[in-house]
Amino acid sequence: MVVLALPAAAMLGVACASGRDVAASSGDPARGREVFALAGGCGCHTPEKGPVGAGGRELETPFGTFHPTNITSDETRGIGEWSDAEIDGAIRRGVLRDGSVETPVMPYYRYAGMADADVRDLIAYLRTLPAASQENRPHEVDLPFPRLAFRAWRWLFAPDVTAPAVAPPSGVERGRYLSDHVSICGDCHTPRDRFGAPDPEQYLAGAVDGPLGQVVPNITSDKGTGIGSWAVSDIENVLEMGMLPDFDNVQGLMAEMIDGIGGGIGYAQASKADRNAIAEYIHTVPPIIHRVEKKKDRGGPG
Amino acid sequence: MRTERRITTMAMAVVAAVLLSGGAAQTKDEDSPKLPPGPIADRHELMKHNGDDAEKIGDALKAGKPGDAAAPAERIAGSVDHFLKLFPPGSEDPNSRAKPEIWTKRVEFDRLAANLKTTANDLAEAAKANGDVKKASGAMFKACKACHTDFRKPKDDED
């Protein structure tokens, strides 16, 4: 017994003592930067005037006002002391360090499908964000038992997703993977039901009352209410520089996802190949008739 | 395990009760009255034409016929002088997205508009000379964006 137990204890000791460092060195921060850019620079977590990752502007929802947290390397306010496994848990499983479940305002249920390798790289990049000392603010939740509610929400609505070890390397399959699990297009472009859960029947069909009260366009291939008349290059132009087919520019949260917020990076800094993969995939999304523009926006200005 | 399931079921009921009671979606409907004839309506119309012409430039590029971008680019360049006359002092309206800075920083506004004229003319030249139309159209887009960013309210500010 003793003989068996000793090596086990020794191994445990080694794992505990150096777990974080070993894990941290497994990710590649340079590749993680690409994941971070494709994730819109994790823009929700950055204040409008920076610094990057210091904790974002408040998000008002029907269920309360939420304050995205500090994800910089600061040891007390940020995630500097978190292990890779803990950060992974927060990103992909919605679990916080104390074992509680995150508010679904943080779309962990979409990142759940992010490839193991991409998460490792992303974490390695997050660790390079300069420490910012901005304090986290508690969420103001309009629900009687938020901890229970968040746990129940995950149980009810989080899809059963299995993350691949490695992301699809190219083509429409990569585009689908990036759209669904990294750039999470559906988090804004899919309308939500009364429980705040995205409606799978209306995948990417746009939302009248999206985040921050903004109208979010239908990006399915419906010709009348979506972007069915667009070419792949039109979608690439949006992702690269916020350019619409009539040379108008994208505004609001999407512009921040593209250009970055608070000095951060966004889709514009991702690789051309990955933007192309997303555009190729979005171009294939089946049409859904769903008009989201406000009445006064119809039929031209005036 | 069973206890946790029971707790989650209870929580689910709580969430459902709370949401069903007070979570009705807010509906907004601010159908705005039509603009009366005048400079605001005219500049909206002008920009709509420019948008249509810009789309023709994009279509020309996509069709592999960059030469077709010349005519719409010339029309956009030609619209700028008239456009600048459509912002007389006081021509603000809740249905207009023109920012007050147009009148407080008029020199800068005029400069950005002139930049549209220059980049649109450059684009027309490139289209005629079989030059780099894609690059020229990118430059024109940047001119559009620069002015929109500084002098046009976001859509949701109209409310």
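Q: In this predicted model, which residue is the bridge partner of A:Thr61 in β2(A)?
A: A:Gly64 of β2(A) is the bridge partner of A:Thr61. The strands concerned are β1(A) and β2(A), the latter covering residues 64-66, and they pair in the antiparallel sense over 3 bridges.

Q: What is the strand order of the sheet, and in which sense do the strands pair?
A: The order in chain A is β1-β2-β3, an open sheet of 3 strands with antiparallel pairing. An edge strand pairs on one side only; here the edges are β1 (59-61) and β3 (140-141) of chain A.

Q: Turning to helix packing, at what angle do the axes of α3 and α5 of chain A cross?
A: Roughly 115° is the crossing angle between α3 (residues 84-93) and α5 (residues 116-126) of chain A, whose axes come within 10 Å. Angles of 65 to 115 degrees count as roughly perpendicular, so α3(A) is roughly perpendicular to α5(A).

Q: Is that crossing of α3(A) and α5(A) left-handed or right-handed, and which residues make the contact?
A: The crossing of α3(A) and α5(A) is right-handed. From α3(A), the contact uses A:Asp84, A:Ile87, A:Asp88, A:Ile91 and A:Arg92, while α5(A) supplies A:Asp116, A:Val119, A:Leu122, A:Ile123 and A:Leu126. By class, this contact has 6 nonpolar and 4 charged residues, and no polar ones.

Q: How do α2 and α3 of chain B cross?
A: In chain B, the axes of α2 (residues 39-62) and α3 (residues 70-84) come within 9 Å, with a crossing angle of roughly 160°. An angle over 145 degrees counts as roughly antiparallel, and α2(B) and α3(B) are therefore roughly antiparallel to each other. Their crossing is left-handed. Among the contact residues are B:Leu46, B:Met47 and B:Ile57 of α2(B), and B:Ile76, B:His82 and B:Phe83 of α3(B). The residues of this contact divide into 8 nonpolar, 3 polar and 3 charged.

Q: What is the mean pLDDT of chain A, and where is it below 50?
A: Chain A has a mean pLDDT of 89, with 89% of its residues at 70 or more. The pLDDT is below 50 over residues 1-24 of chain A, a stretch with 10 contacts in the model beyond near neighbours in sequence. Residues 295-302 of chain A also stay under 50, and have 17 contacts beyond four places in sequence.

Q: What does chain B average, and what does the model score overall?
A: Chain B averages a pLDDT of 84, and 77% of the residues score at least 70. Over residues 14-32 of chain B the value is below 50, with 25 contacts beyond near neighbours in sequence. The model scores are ipTM 0.76 and pTM 0.83.

Notes: Residues are numbered from 1 along each chain as its sequence is written. Chains are lettered from A and ligands numbered from 1 in the order in which they are written. This is a predicted model: local features need pLDDT of at least 70, side-chain atom pairs count only at pLDDT 80 or more; totals for chains, interfaces and linings use all residues. Side-chain values use heavy atoms; hydrogens and water are left out. Axes are lines fitted to C-alpha atoms, for helices over the stretch in contact, and angles run from 0 to 180 degrees between N-to-C directions. Helices (H or I, at least four residues) and strands (E, at least two) are DSSP runs, numbered from the N terminus. Angles under 35 degrees count as roughly parallel, over 145 as roughly antiparallel, 65 to 115 as roughly perpendicular and the rest as oblique. A crossing is left-handed if the near helix is turned anticlockwise from the far one by less than a right angle, and right-handed if clockwise. Contact means heavy atoms within 4.5 Å. Ala, Val, Leu, Ile, Met, Phe, Trp, Tyr, Cys and Pro count as nonpolar, Asp, Glu, Lys and Arg as charged, and the others, Gly among them, as polar. Two strands pair if DSSP finds at least two bridges between them. pLDDT is the predictor's confidence in each residue, from 0 to 100.
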